[in-house]
Amino acid sequence: MTKRRFFTLITMIIIIITTFSLSSCVPAQAPATTEAVTEETPTTAEETTAEEKTYEGRVDPNITATLEVWTYYDPTGPQTEILDPVAKTALKVVENFNKKYPNVKINFTVVPWDQIQDKVFTAGQAGQGPDVATLMIQRMAELVEPGLLYPITEDYLSDLDLEDWVNFEIDKGYAQFDGQLYGISQALHGRLLWYNKKAFKEAGLDPEKPPETWTQLVEYGKALTKGKQYGLAITAGEKNQATFEWLWPWIIAGGGLEDLFKKDGTAGWDGNAGQQAFQFIYDLFNVNKIVSMDAVGWVDGTEHFVAGDTAMFIGGTYRIIPITKALGDDTGYAPIPYPEGGHSVNIANSWALGISKASKNPDLAWELIKEWLTPEIVPQEATAEGAVPIRKSALKEITDPILLFFAENVGKYGQPVPPTKFHQQGQDITFSAIQEVILGKKDPAQAVKDSAAEFNALFK
Amino acid sequence: MKRFFEKNFYILLTIPATVMIAFISIYPAFYSFALSLNKLTNAVGKFEYVGLKNYVRLFRNPDFLSSGIVSLKYISISLVGTIFLGLILALLLNKKVKFKGTFMSIFLIPWIISEVVSGNMFRWLFDGSFSIINEMLSEAGLPALKLLNNPDGALAIVNTATIWRNLGFAMIIFIAALQTIDPNVIEAAKVDGAGGWQQFRFITFPLIRYHFMVVLILLTLFFINQVTTVFVITRGGPVDSTLVPGMFLYRLAFNYFDLGQASAFSVFLFVVNIIVISFYIRLLMRPQ
């Protein structure tokens, strides 16, 4: 073989590889493995449904199988203080599950919390993925639209006593598409106003009467802002916290859900409620000066609240452990203040369990999910996450007054974010717009108008 | 057959590497190009051919332009800073200095530290409330530095962190290059009356220009693909003021799951890389 022939051979190999790569994108030529899973699974589900009456569960208890679970916590390795209880609960779930299915092995794969959705999506495109994944319920649409999750059918749901659920509407609001549910919450997270009772007393404020309205929030904030201490902390440098903790609740509080996203998914924040919220936030930073401009660079305002830099903080219920540890009996909590004539809004969301389309045994995966929803596990999970239990009956077992307050708050003011095809873009665009307003780069009216136009252009 | 193997032995040795590169580099590159011409449909792994629509959407995306402007600032400042300081350090350490090895190790440490660690270090160094720098300024009765909460300040910190981290890499390559220069050549130039700048301009730089080009190309590629440092310090903000290409790509692909547009952007970046590198090669490889 001459050198020329040899190089011709190498070139041919490269051309063949290229041809494969290009042909993989030809429509209607999905990977064989994917097709196999897609076609095979409904049959599996139907077959096992038929056998349901034979066993206590839907699957033969003697089945030998392995279930892959992708989570944001690590039940198998060294754990952080905060995540430890969640991981311990997962181990209890496995223990209970293995009592029913002794030959099923559960493999946990740990994925950082803000990447888990991405990993499920990427793996799903290759026909891969776990059986069960813990997913952000507000981002279910991204996985449902390309068909990466199995529905949690009415048949599956019939295994549960939904009458006992605290607020199943939140799950439906986020995870139900075309009448089919695709994920089920483990516990509900809410947002509220945290405050430091000691700082209130020092400022001559009644620690048992936290601010209820925006006007009161500003009054209290001014009284609490002195020296190096600011009245209020909000996380204005990280989009997930900024939008869920204060920006979107304040837009909805001045009107309704459609003042954030309209029913068709387009922007609703360019109305009066949105403008009012943007103006209020601008004033907090620039006129009333009760929030530090540093907050624009913060990726977690909790650190500043627990360090005593601020006297109040709008943040998630999931901050219960660091806050109560730092403040102890001086921990105060109240619903998020609202505009006069409006109402408090607490955007509720959760870690939801979903079944990936890559699962070879969705019935068995559902059996595992059910273990997380039992009356025994629900209160443990809620306490571990610092969240509201999903079952009303579990509330009886909760003794922590803060968690009980969360539960009441989520029941009264809990709202899901209206589903939109461009949830992530909506977060980025509104987050960027509010930062422009805070920094004085745009006036609030112009910012809401421009950001809504930018968002609506995505639908064209 | 034996003759064939003897004749082509060295070529045969390259086959495993060639095949590996084909699978891990060439295949994904072509796949990405193909993806940029397709759109995901509502079925796992299925795509729909859309021609150049993803490119049109990309060029109309307002973040594309703002990211482009940010990238030009970020890459040019980081490149100039890293290369200039790296070269100066290399020239200084190339002389007979005490504790030369210690100094080299100190400047190399940032290069071996994880980007997440160094990013967090800079975030805390410049935090408006907690930072040690602001604590010292406060003790001295000076106003606090509030850089992370304004767009220009945030970009300056990201640039500083990038330069700090990559300085050691540039320095070590330049030192290696400087050590290849025959001292007699420099001595001869001195005898001919060449000053320090003339020695550098006419002797040193022409002799290290291949190394200079390698540093320039590698750093350009590093900076174009930068994600970690920016993600840890600013997450692309505030007001998208640090939305470097890597962050924009990450946002398109993994926040919006818009694989078509993300692939179009990566193809665009690939073309930009080729143009920039060709320009470097033409500029630095031309005959003296």
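This is a predicted model: local features need pLDDT of at least 70, side-chain atom pairs count only at pLDDT 80 or more; totals for chains, interfaces and linings use all residues.
Which residues of β3(A) are buried on one side, and which on the other? On one side they are A:V132, A:T134 and A:M136, and on the other A:A133 and A:L135, so that both faces are covered.

**The enclosed strand β3(A)**
- Strand β3 of chain A covers residues 132–136, and because five of its five residues are buried, the rest of the structure largely encloses it.
- In a regular strand, side chains alternate between the two faces of the sheet.
- Strand β1 (residues 65–71) of chain A runs parallel to β3(A), joined to it by two bridges; here A:V69 has A:V132 as its bridge partner.
- With strand β13 (residues 349–356) of chain A, β3(A) pairs in the antiparallel sense over five bridges, and A:L135 is partnered with A:A352.

**A four-stranded sheet**
- Chain A also holds an open sheet of four strands with mixed pairing, in the order β9-β10-β8-β11.
- Its edge strands, β9 (230–233) and β11 (331–334), each pair on one side only, and the twist averages 20° from one strand to the next.
- Strand β8 (residues 191–196) pairs with β11(A) in the antiparallel sense over four bridges, with A:L193 opposite A:A334.

**Nonpolar cores**
- The largest nonpolar core has 197 residues, and those touching the most other members include A:L232, A:W246 and A:F285.
- Helix α11 (residues 196–224) of chain B gives the most to this core, with eleven residues.
- Beyond its neighbours within four places in sequence, A:F285 is in contact with residues including A:I234, A:M293 and A:I438.
- Another core, of six residues, lies apart and includes B:F122 and B:L148.

Methods. Residues are numbered from 1 along each chain as its sequence is written. Chains are lettered from A and ligands numbered from 1 in the order in which they are written. Side-chain values use heavy atoms; hydrogens and water are left out. Two strands pair if DSSP finds at least two bridges between them. Axes are lines fitted to C-alpha atoms, for helices over the stretch in contact, and angles run from 0 to 180 degrees between N-to-C directions. A nonpolar core is a set of buried Ala, Val, Leu, Ile, Met, Phe, Trp, Tyr and Cys residues joined through side-chain atoms within 4.5 Å. Buried means under 20% relative accessible area, exposed over 50%, partly exposed in between (1.4 Å probe, protein chains only). Contact means heavy atoms within 4.5 Å.
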